[in-house]
Amino acid sequence: MTVYFDAASTAPLHPVARQALIAALDEGWADPARLYRSGRQARMLLDAARETVAEALGARADEIAFTASGTQAVQLGMQGALTGHRRRGGHLVHSAVEHSSVLHVAEGHEVGGGTVSVAPVDRAGRVDPEAFAALLRADTALAVLQSANHEVGTVQPVGEVAGHCREAGVPLLVDAAQSVGRMDVPAGWSLLTASAHKWGGPPGVGVLAVRKGVRYVSPLPADEREGGRVPGYVNVPAIVAAAASLRAVRAEAERENARLHALVERIRARVPQLVPEVEVVGDPVRRLPHIVTFSCLYVDGEVLLTELDRAGFAVSSGSSCTSSTLTPSHVLAAMGVLTEGNVRVSLPAGTAEADVERFLTVLPELVAGVRAPLGLDLPAPRVQTRTLVIDALGKRCPLPVIELAKRIGEVPEGGTVAVLSDDEAARLDIPAWCEMRGQEYAGEAPAADYGGDRGTAYLVVRRTT
């Protein structure tokens, strides 16, 4: 069976969503706008779902509208806010790595006579809050910033940008499609969008939240449903399933995020050690727990994805040869990183450690096979200086923690230290040390991944100097 590693595109349907959908098909099929019994029952289910989603987003229920998709939510949110603030001006600001739905609205806005400024990102895909703030003007009607990037997983400094927007009196739309259900919703947004199928809900349900007091004029003809923001009949069973699965994934998030983070950290560390001429992209620290992206030099991305599919792995890519437009990913291009031979691995909830290990086993062989016809004599991968291995096997605590404290300064900020230990006390002491010292504990991995013959590798990401 194929191992599915493309949760950033769409997550598998959560079991709770399936159960809720089946039940709601029987109980919530009627028109929720009608006053007869079945209509009132559908309205009660819809209202309860809206309350659940509002709680998850830190919003009021009457600020939530359901759309047909996350893309539609972004489009309606942007167009409605731009129209609502047209007296202020026609200037739009967004980052260079936003989802294509943002870019398409921006293009249409320019065609209609508006102006657009694009905030650049660094090589990790992160905007500089000060640089973003510098683009805000007296005539800026709307700013847009994603919570986390859909291709490389980098988490954006939404809170800082929101502060600048608030000072400038500019509404901020946050596209939170990749982070809702996995991370806390960032504060300071004026409008927020999300997509149910990204967190394990059914497809066909988007969320548009508009804060009270934010000027919003629907770009579509008036309709009495969804607060006048989204015309048309709502899919009550799908919305109920979306809300139920959101509650479920939020309850599981802390535990599952830690597990997936450790698996992704293993991929980030191992791929450069196993495959020559490869670049792992995205912020190594401020990132989503389930996404890792890397690019292989001298490789046709479409061929590599096909070979991975044949080997039983479903992954995605931002390479130009895998897209219908034959242009490289605008995200990778904006970051200034390698775009060819790009692979995005995004792990769904429940991903097995054995599947990650098998992926790491077959990947070098497949890349070598794709490169073979080129006749390249590539050097063996160099050990990454951003990863330090401390062999504390056979040493009792607190010695592993002492070695960690003495040597963490040998890696740069964002670098990883793998402490190898066979003392069970390290499982408690190392995370506790990280909490006390402001470092990031990234979970466990087999010591064999880092050259040990027994024990566990405890992964620590350096966050402070």
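## Aromatic pairs

Rings of Phe, Tyr and Trp (its six-membered ring) are taken as a pair if their centres lie within 6.5 Å, with planes under 30 degrees apart counted as stacked, over 60 as edge-to-face and the rest as tilted. In this predicted model, local features need pLDDT of at least 70 and side-chain atom pairs count only at pLDDT 80 or more, whereas totals for chains, interfaces and linings use all residues. Residues are numbered from 1 along each chain as its sequence is written, and side-chain values use heavy atoms, with hydrogens and water left out.

A search of the whole structure gives 3 aromatic pairs. For Phe5 and Phe359, the ring centres are 5.9 Å apart and the planes stand at 70°, so this pair is edge-to-face. It joins distant parts of the chain, 354 residues apart, with Phe5 in the loop between β1 (3-4) and α1 (15-27) and Phe359 in helix α11 (residues 353-371); helices (H or I, at least four residues) and strands (E, at least two) are DSSP runs, numbered from the N terminus.

Phe5, Phe313 and Phe359 together form one aromatic cluster. Phe5 and Phe359 are buried, and Phe313 is buried as well, where buried means under 20% relative accessible area, exposed over 50% and partly exposed in between (1.4 Å probe, protein chains only).

## Charges over rings

Arg211 lies over the face of Trp189, at 3.8 Å from the ring centre, the criterion being NZ of Lys or CZ of Arg within 6 Å of the ring centre and within 35 degrees of the ring normal. The charged end of Arg229 is placed over the ring of Tyr216, 6.0 Å from its centre.
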